[in-house]
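I opened the model and kept short notes on what I looked up.

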2 protein chains.
Amino acid sequence: MRKKQPTQADVAKLAGVSQSTVSIILNPQGKDHLLISEETREKVQAAIQELGYVINPAARTLAGGQNRLMGVFINGSAFPLDQHGFYHPYLVGIEEACIRHDYDMLLFTRSDGGEGVRRIYRNGLNHLRIADGSILLGLENKEELARLMKEEYPFVFIGKREVPDGDISYVAADYFRGTQTILSRMMALGHRQTGFFYRLYNDATKDRERGYHAALAENYHSSVTHMKRQLTVQEITPAFCRDVLDAGVTAILMEEPAMAHAFAEGARQIGRTCPDDFSIAALSDNDLAYLPTQVAQELVMINIPKLAMGAAAVHMLNQLIVDRNKAHDAIQMTIPVTISGGSTIGTVRVEEELQG
Amino acid sequence: MRKKQPTQADVAKLAGVSQSTVSIILNPQGKDHLLISEETREKVQAAIQELGYVINPAARTLAGGQNRLMGVFINGSAFPLDQHGFYHPYLVGIEEACIRHDYDMLLFTRSDGGEGVRRIYRNGLNHLRIADGSILLGLENKEELARLMKEEYPFVFIGKREVPDGDISYVAADYFRGTQTILSRMMALGHRQTGFFYRLYNDATKDRERGYHAALAENYHSSVTHMKRQLTVQEITPAFCRDVLDAGVTAILMEEPAMAHAFAEGARQIGRTCPDDFSIAALSDNDLAYLPTQVAQELVMINIPKLAMGAAAVHMLNQLIVDRNKAHDAIQMTIPVTISGGSTIGTVRVEEELQG
DNA sequence: CCACTTTACTAATGCGCATTAATAGCTTAC
DNA sequence: GTAAGCTATTAATGCGCATTAGTAAAGTGG
């Protein structure tokens, strides 16, 4: 049989004071500090020592209103066996920022019984509410997002999401400028015919697409042509590469490094090399661990500042929680990206240009 | 102005029932299940849906209920930037088991203000209590453990810990049998003079030591000698290796793979090779990522079943939580280890034996 | 010496929930 | 037809604490 913990009331009885007095002593707040005599203070401290009293955080929370719990909802495993998990860098940033802001981190691991994906709403109830606010990673379900918004639950989405019914708070990478920068660099080297290939057409893709068109517009010359389409890695065969290159495309933007790698490989098999015959870049740095180290180093690509994004999300969410009684617009933050690599972009081969 | 979170009272009012009814519906316990009519149940569920009600864990805890929160206390970063974090495999197992047992995972990230280590007691209060129970990883502070025990808070320690004041629940790797197996294998190959080197003398080391002595006792032959001492990687210089080997030691057990690797390197520099001149093995598989791949594959070592240990900890803790009102002995579980590698153990060179 | 302020404390309340005793309506038993 | 037993629900209570509105005692001013 578990024995009960001593409470403030026990301490108070032993010290010969009231429970309120104990509570006041335990919660020093500015001037109140002066209202309890040193003598009483000492009696209470002695009683605390003697009983080995520790405060009950649940009671304190209940009376005070805050949990200092920061929820983290991940649509997938937070700790994948494969350590190169997609979400890991975000979590590093989140953990670090949680420490700074004095939150415990609540990972929503409960699924809804069925073997399916994790959902915010279980039995129709939002179980995120257990936390003061939550960070959402990789949630694809826009319905759930919209519903969360309507409930006015404080949350921050990592990655950009546009929801029809209003603005949500998010922190996103600046794919627009990243893409624009890379393509501009290519065009400055003489490339005129460009290709833009993506895996899924989502909000992030839209940003890249805008950057792509911005670069095209800004470097406009007479005979620009370009191709743009959705693509899977499996589709990137030597034949596909030949089609693209024979169409005259010399500057290629791939959403994922794996796609860029596959293209370079496919092209190599038909005797075209990079950066001699074409230039190529990736518009993310996902899953680099699966590529050869050299490729990971040399490929021009957008580096997503995942760590900073995670930390920024915590920071923003803390703001939303602190201000949760004021009316508050959604906070939307775009974080600059960097570009790494270099040797997969080169000048256009003049001979070819002349031949064509 | 953010509206207050709905409470059971709000749900009750909307559904036209009492708060008690709502609570009863939300806490199904055996036969009580029958005491609320299906009609009322539906009304309440509808109200819950409409309000987006979710339970307040602090209040529930205070009132004696359950949160389905499994605490995880790590003395270090759960998500280290360096992805080969020591704790990662445990967390994989924990997450997986939490999903199976329907717990959310609460990572205690709050530190106690100062820059120091994470502590269970902050301002003298045990902040783990918000979770139904907690898993403790890498806690070195035995005082805190003893105190937790005295409070009868349900927790499971990962790694073996003997506390003076009674038994705590833990899940540990079977270093005893692992060490014994490796040394026996060496001795079966003719090794008689052995060395056992450890990094820190902790509870796990004690188990290895017991295994070491058990193997010695069981394979006893007339002229057994051995050396045993604490060691850091820095101390493992070529000179040190020469000392050890010249003393006639041919079978070496190192606590950490890094130590084994350092020894093999040091020995190589003075012209002694493994397994020709000596056999060596590691008694853990920590930090393998920092060693050359080949070493990681060939070195004989104990593989710690971290994943299984994490999962077992969740399982045990769930048991403790479920039975928390019954008197319950501590649960202590030892999980078998496997041994990997092979090419760093060989037969003793007969010529040397004859010469000596 | 009386009204007024300051000091040092306590009584009372409520946070949101689980739990238990109580109750009202309704059925069965004899 | 009344006692006894169900069934479905609620009222009441307390978990441990923070907070607010007191209040008694001591001090101050004129």
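My entries cover a helix, a strand residue and a DNA surface.

**Conventions.** I am working from a predicted model, where local features need pLDDT of at least 70, side-chain atom pairs count only at pLDDT 80 or more, and totals for chains, interfaces and linings use all residues. Residues are numbered from 1 along each chain as its sequence is written, and chains are lettered from A and ligands numbered from 1 in written order.

**Helix H5(A).** I checked the length of H5 (residues 88-101) of chain A. Helices are DSSP runs of H or I, at least four residues, and strands are runs of E, at least two, numbered from the N terminus. Ten of the 14 residues are buried (20 or more other C-beta atoms within 10 Å of the residue's own, placed from the backbone). Among them are His88(A), Tyr90(A), Ile94(A) and Cys98(A). The cover includes strands S1 (69-74) and S2 (104-107) and helix H12 (306-322) of chain A. Just after H5(A), I noted a positive phi of about 60 degrees at Asp102(A).

**Val72(A).** I found Val72(A) in strand S1 of chain A. Val72(A) counts as buried because it has 28 C-beta neighbours inside 10 Å. Beyond four places in sequence, its contacts (C-beta atoms within 7 Å, placed from the backbone) include Ile94(A), Met105(A) and Ile135(A). Val72(A) and Met105(A) are 33 residues apart in sequence, yet 7.0 Å apart C-alpha to C-alpha.

**DNA strand D.** I listed 29 residues around DNA strand D; Thr7(A), Ser23(A), Ala63(A), Ser20(B) and Thr21(B) come nearest (near: C-beta atom, placed from the backbone, within 6 Å). Helices H2 (19-26) and H4 (57-64) of chain A and H2 (19-26) of chain B each give two or more residues.

Note on methods: Buried ≥ 20, exposed ≤ 12 C-beta atoms within 10 Å, placed from the backbone. Contact = placed C-beta atoms within 7 Å.
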